[in-house]
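Subject: Structure for your files

Hello,

Please find the structure below.

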Amino acid sequence: MSDGDDSLETLFGRAADARAAGAPAEGVLYLRQAAERYPGAALAHLMLALALIDLGRAQEAAAAATEACRLAPDTAAAHRALGRAQRLAEEPEAALAALDRALSLKPFDADAHYERALLLAQLKRRDDAALALKAGLVCAPKHEGLKRLARRLGSAASSP
């Protein structure tokens, strides 16, 4: 797995190459190596969290994202990743807190609004989900996930 150059940039590059080659689990190995070799690098933990989310390993992703948030508490992307991982791990209250923190840091983060709207819809908080959805669409009117969720919530509203 290593050819001697284990810089953070090299490990990220190997992870990206593995993912592009259709081997995302191998990419996670490089990202885990990056997080272990560079424990103070918030980006390494964030990238690991995102890769683990993509593999459906939500609890591991939440742990990596928690570390990214600890290392970079003012980074909205880390809090958004944590919220997404916690939503997928079925930890709704923690997910909501993380997404709220992400939005307090970056109010126009359409992806955070999307994650928040998804979570609120899952919790059957339709009015709150609709508000989160509207806020996201203000930020990014062409966001595919937000538009899809709007259609879903709209059709659910018109169903008996």
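Is E90 buried or exposed? E90 counts as exposed, because its relative accessibility is 70% and the threshold for that class is over 50%. Please keep in mind that this is a predicted model.

E90 belongs to the loop between α5 (76–88) and α6. Its backbone stands out on one point: phi is positive, at about 60°, although E90 is not a glycine.

K124 is not a glycine, yet it has a positive phi of about 65°. With a relative accessibility of 71%, K124 counts as exposed.

The remaining notes concern D109. Its place is in the loop between α6 (92–105) and α7 (110–122). D109 has a relative accessible area of 4% and is therefore buried, the limit being under 20%.

Two polar interactions of the D109 side chain are on my list:

- With the side chain of R80, D109 makes a polar contact of 2.9 Å.
- At 3.1 Å, the D109 side chain reaches the backbone nitrogen of D111.

If neighbours within four places in sequence are set aside, the residues in contact with D109 are R80, L103 and C139.

In short, E90 is exposed, K124 is exposed, and D109 is buried.

Regards

Notes. Residues numbered from 1 in each chain as written. Predicted model: local features only at pLDDT ≥ 70, side-chain atom pairs only at ≥ 80, totals over all residues. Heavy atoms only, no water. Helix = DSSP H or I, 4+ residues; strand = E, 2+ residues; numbered from the N terminus. Buried < 20%, exposed > 50% of the residue type's maximum accessible area, 1.4 Å probe, protein only. Polar contact = N/O pair within 3.5 Å; in protein donor to acceptor, adjacent residues only side chain to side chain. Contact = heavy atoms within 4.5 Å.
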